[in-house]
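Subject: Structure for you to look at

Hello,

Here is the structure I promised to pass on. Please open it alongside this note; what I found follows below.

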Amino acid sequence: MTTKQLIKVPSAIVLILLGSAVGLVVGMFLGGSATAVSLADTGPLLRWLTPTLRILMDVSQGIAIGGLVLIGFALTAKTQAFRKSLNLVAISSAIWALSGTAYLIVTYLNISGSTFSLEQSFADQFYIFVTSIELGKYLALNLLAGFVLAIITLFIRNYLGVLFSGAIALAALIPIALSGHSAGSSNHALAVNSLGLHLLGISIWVGGLVTLIVAYRNDARKEIVTRYSSLALFGFTLVLISGFTAAQIRLGNISNWFTTSYGQVALLKVLALAVLGLFGFIYRTKLIKDLTDKFWKLVSFEFIVFGLAIGLGTALARTAYPVVDYPSGELTPAEILTGSKLPTEPNAFSLFLSWKIDVLWSLICLAIVLFYILGVRRLRSRGDQWSLARTLSWVSGVFLLFYITNGYFNVYEQYLFSSH
């Protein structure tokens, strides 16, 4: 494979943005967010500029996060690939910060209904938005992380710096997850965790693939592609599970997937993710053994489909969903405090039959069981012995962790101090 046959980073980003533009247009027209609303419409400019800036922010943030993960997982320190990949992260972080700033401003304009101005009164109101209003604070924290990463990644030359930068980048996903438009619903924790995991998965998947182009030109090629393949599988799993969970919260029942505009846009996104999963299966099982032109042609097409999924997801975030689970009417004290109704009175059966699934802890438990079992298999394949009792002990401990974070205690922890 020569470097001439390899897709370049600018081309990859253009393909992602091209696919995103198509996905955004299709998603907004199908979902209805492309048309003017009867009350407080902000006009066509802001209607299209806001999601466009959000796509630019999400793509650049994803490249920065996925790049740091791939660097820490697959690259050797002090190599050319290591340095150039960090430069890519720095550039992506700078774009993330700048596009995030623009997105913060247009979000304020959308919410306030005001027009941009250089007058002191506008600055004062905008300052209140970013310091006192939750959405403004969350977006400001996220773009601040982008500015910090754009600076510090220029000076990093070792794994400790990558670990520190990665922690900042991953923490930046928290305010974005909290600002999701189901943050105030009765499924608040599930919605926030699902969105956070979704953003993490897509960042590792897409950002890692863009960074792979830089690393592949300068380092041990087959090993890097193999390691990225494992990361991509992990990212795909996160995106699939968290995306379905987040969509189901908003759709409520299966029929809404087909009969509502939100469900139809969600189905298109699912289709795009299914195609991406198929691509991953092909190059993981076949093309990775022989990195020829076919591999990079498939990767090029993969960037377009990635863009489609990102554009559809951005449009989905602006589409009204059929199930509204915000408390309404005369609220009980429990609903005022927690946003949810009281669960049934606890009894002996509640200890075993009460469940409130936490997608984050469920995935953590699943992952640590799978990694443990894979480790045991590797030990035995090389002739080492490992006690079955130790494996059963580990699995039992993880099941206890799963029960505590998803069962009775998670159901009642907001209502009973003993459970909390």
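A residue is called buried here when its relative accessible area is under 20%, and exposed when that area is over 50%. Keep in mind that this is a predicted model.

Helix 1

Helix 1 covers residues 9-31. Its 23 residues should span 33 Å at 1.5 Å a residue, and the end C-alpha atoms are 32 Å apart, which agrees. Gly32 comes after helix 1 and has a positive phi, near 95°.

Helix 4

Helix 4 takes in residues 120-132, 13 residues in total. From first C-alpha to last it reaches 18 Å, close to the 18 Å expected. Which of its residues are buried? They are Phe122, Phe126, Phe129 and Val130. These cover an arc of only 85° around the axis, so they sit on the same side of helix 4. An α-helix has 3.6 residues a turn, so residues three or four places apart point the same way. Gln120 and Tyr127, on the other side of helix 4, are exposed. Helix 3 (80-112) and helix 5 (134-152) are among the elements that cover the buried residues of helix 4.

The second largest pocket

This pocket has a volume of about 1000 Å³. Its lining consists of 28 residues. Nearest the centre of the pocket are Leu200, Ile204, Phe234, Leu238 and Ala367. By type, the lining divides into 23 nonpolar, four polar and one charged.

Where does the lining come from? Five helices each supply at least two residues: helix 2 (44-74), helix 7 (173-178), helix 8 (188-218), helix 9 (221-251) and helix 15 (359-381). Helix 15 gives the largest share, nine residues.

One of these contributors, helix 9, has 31 residues. It reaches 43 Å from its first C-alpha to its last, close to the 45 Å expected at 1.5 Å a residue. Gly252 follows helix 9, and its phi is positive, near 80°.

Lys78 is in the loop between helix 2 and helix 3. It is not a glycine, yet its phi is positive, about 70°. Most residues other than glycine have a negative phi. Is Lys78 buried or exposed? At 66% relative accessibility, Lys78 counts as exposed.

Thr153 sits in the loop between helix 5 and helix 6 (159-171). Thr153 is buried, with a relative accessible area of 0%. Leaving out residues up to four places away in sequence, Thr153 touches Leu86, Val89, Ala90 and Ser165. Thr153 and Ser165 are twelve residues apart along the chain, and their C-alpha atoms are separated by 7.2 Å.

Ser419 lies in the segment after helix 17 (408-412). Its relative accessible area is 9%, so Ser419 is buried. What does Ser419 contact, apart from its neighbours within four places in sequence? The contacts are Tyr408, Phe409, Tyr412 and Glu413.

Over to you.

Best wishes

Conventions
Residues numbered from 1 in each chain as written. Predicted model: local features only at pLDDT ≥ 70, side-chain atom pairs only at ≥ 80, totals over all residues. Heavy atoms only, no water. 1 Å grid on protein atoms, 1.4 Å probe; cavity = no way out; pocket = protein on both sides within 12 Å on 5 of 7 lines; lining within 4 Å. Points joined across faces, edges and corners; volume = space filled by probe spheres on them. Helix = DSSP H or I, 4+ residues; strand = E, 2+ residues; numbered from the N terminus. Nonpolar A, V, L, I, M, F, W, Y, C, P; charged D, E, K, R; others polar. Expected span 1.5 Å × (residues − 1). Buried < 20%, exposed > 50% of the residue type's maximum accessible area, 1.4 Å probe, protein only. Arc of directions from axis to C-beta. Contact = heavy atoms within 4.5 Å.
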